[in-house]
Amino acid sequence: MHVLIVTSDLSYGRFLERALRAQRYTVELTAEPVDATHLAKAVSSDIIIIDSSPPKLNGAELVQRLRAASPPLTVLLLTEGMRPEDRAHALDLGADDCVSKPCSLCELVARVRAVLRRRGLPSGTVLRVEDLELSWVLMTARRAQRRIALTRREFSLLAYLMQNAGRPVTRAMILESVWDLGHDPQSNIVGVYICYLRRKIDSGFGKKLIQTVRGVGYRLGEENGG
């Protein structure tokens, strides 16, 4: 799957690029809206992510140009400080989805998957670790066929742990991937939400899936060998 990121904030663009490459997408990054139109034709992108926050990039106008250049394109617009009527206008111009910044990486990846699913493209929508199952599409989790109600943040945290099943992840890694950029690294918010998940995922089951790795962070499932 090929993703084209259009942003004039290259540091943020590279951050998104690394995150999406970790999800095994092929990623192209450009800072020039004019290039985006040509790139979209040349590389046949499956989805284009437009960061419309920088003032010199009008995301809604670019969506309209891209849609005119290649009607089948799938476009996700990242917005910051946009009024509801502005987002509605962008959707009317051809955006497939609008995501407000700041947003967690897990939510953004889930939105990408959802948009691709609606477009009929494969999106790897279910994660499984032992008897635990999570559906990106339905935004639900089950363990041993028991449905587990999760908040959006709990869902994002569980998804990140499942994507890294068998490997320890640090609190800093979780903050960077699940919480908004710039969140206070001294906060205990990760530990708080791990406790929430443990009550929902492990309570009532003999085997505890969420493990504390002393001096490192957390791990979901058995440790990977090697």
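Which residues does L132 touch, not counting residues up to four places away in sequence? L132 touches L127, R142, R143, I148, L158, M162, I201, L209 and L220, where contact means heavy atoms within 4.5 Å.

This is a predicted model: local features need pLDDT of at least 70, side-chain atom pairs count only at pLDDT 80 or more, and totals for chains, interfaces and linings use all residues. Residues are numbered from 1 along each chain as its sequence is written, and side-chain values use heavy atoms, with hydrogens and water left out.

L132 is among the residues with the most contacts inside the largest nonpolar core, which has 28 residues. Such a core is a set of buried Ala, Val, Leu, Ile, Met, Phe, Trp, Tyr and Cys residues joined through side-chain atoms within 4.5 Å. Helix α6 gives the most to this core, with 7 residues. A second, separate core of 21 residues includes V3, L20, L78 and V109.

The salt bridges come to 10. Each needs a side-chain nitrogen of Lys or Arg within 4 Å of a carboxyl oxygen of Asp or Glu.

| Pair | Closest N to O |
|---|---|
| E107 and R111 | 3.4 Å |

D131 lies in the loop between β6 and β7 and R143 in strand β8, so the pair ties together parts 12 residues apart in sequence. R143 is buried at 2% relative accessible area, while D131 is partly exposed at 32%. Buried means under 20%, exposed over 50%, partly exposed in between (1.4 Å probe, protein chains only). D97, E107 and R111 form a salt-bridge network.

Key:
Helix = DSSP H or I, 4+ residues; strand = E, 2+ residues; numbered from the N terminus.
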